[in-house]
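Hi everyone, thanks for making time for this one. Let me put the sequence and the model up on the screen, and then we can walk through it together.

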Amino acid sequence: IGISSYPSDARAKYVAHAIMAAAINEYETNRRKYGNKSRPLWHRVWGNYRDSLRDGQKENPSMLIISNISDVSGTAKMEKVRDLLEMYADIPRIVVSAGMPVVDLFSYHLQMPLTAGFYIGPPNLINEAKV
């Protein structure tokens with residue numbers, strides 16, 4: 001799933017936070033159902049070439065939220081996001097971004113399929129459309 005908002009990722013993070021809270025509640029309520037999986041994990045991707053989640057010992061979360069991505073993020077950061085999406089392909093993954101619609105992010109930058117996407121545009125978008 002991808003969640004994007006414009007001009008910053010603040011509103012996308014708010015939606016992802018609500019999903020994360022529900023996922024943690026579900027995990028705590030039905031812990032046995034998840035077997036060897038740990039609590040959902042929120043991971044921020046940084047602009048350097050290393051990544052603690054990608055390069056370290058593999059975590060085993062029940063869900064992964066990846067944030068700190070925008071339409072102007074560099075190639076190294078996009079590659080890290082692609083790597084993480086592939087590494088954790090067996091669990092639900094959410095990418096939180098800023099700027100462009102999430103469909104464009106997945107199509108043009110990540111070159112990966114998108115199951116569902118949410119784009120939260122600028123607050124004055126409806127007013128501009130009526131003019």
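So, to begin: what does the accessible surface of the protein come to, and how much of it belongs to carbon and sulfur atoms? The accessible surface is about 7900 Å², and 54% of that belongs to carbon and sulfur atoms; areas come from the Shrake-Rupley method with a 1.4 Å probe, and for residues only the protein chains shown count as cover.

Some housekeeping. This is a predicted model, where local features need pLDDT of at least 70 and side-chain atom pairs count only at pLDDT 80 or more, while totals for chains, interfaces and linings use all residues. Residues are numbered from 1 along each chain as its sequence is written, and side-chain values use heavy atoms, with hydrogens and water left out.

Now the overall picture. The protein has 5 helices and 5 strands, where helices (H or I, at least four residues) and strands (E, at least two) are DSSP runs numbered from the N terminus. Along the sequence they follow the pattern β-α-β-α-β-α-β-α-β-α. The C-alpha trace spans about 55 × 35 × 20 Å along its principal axes. Of the 131 residues, 37% count as buried, meaning under 20% relative accessible area, with over 50% being exposed and partly exposed in between (1.4 Å probe, protein chains only).

Let me zoom in on strand E3, residues 64–70. Here 6 of the 7 residues are buried, so E3 is largely enclosed by the rest of the structure. What does E3 pair with? Strand E2, residues 41–44, runs parallel to E3 and is joined to it by 4 bridges; for strands to pair, DSSP must find at least two bridges between them. E3 also pairs in the parallel sense with strand E4, residues 93–98, over 5 bridges, and there isoleucine 69 stands opposite serine 97.

E3 and E4 also belong to a right-handed β-α-β unit with helix H3, residues 75–87. Right-handed here means that, with the strands pointing away from the viewer, the path from the first strand over the helix to the second runs clockwise.

Serine 67 counts as buried because its relative accessibility is 1%. Arginine 44 stands opposite serine 67. Leaving aside neighbours within four places in sequence, serine 67 is in contact (heavy atoms within 4.5 Å) with Trp42, His43, Arg44, Val45 and Val96.
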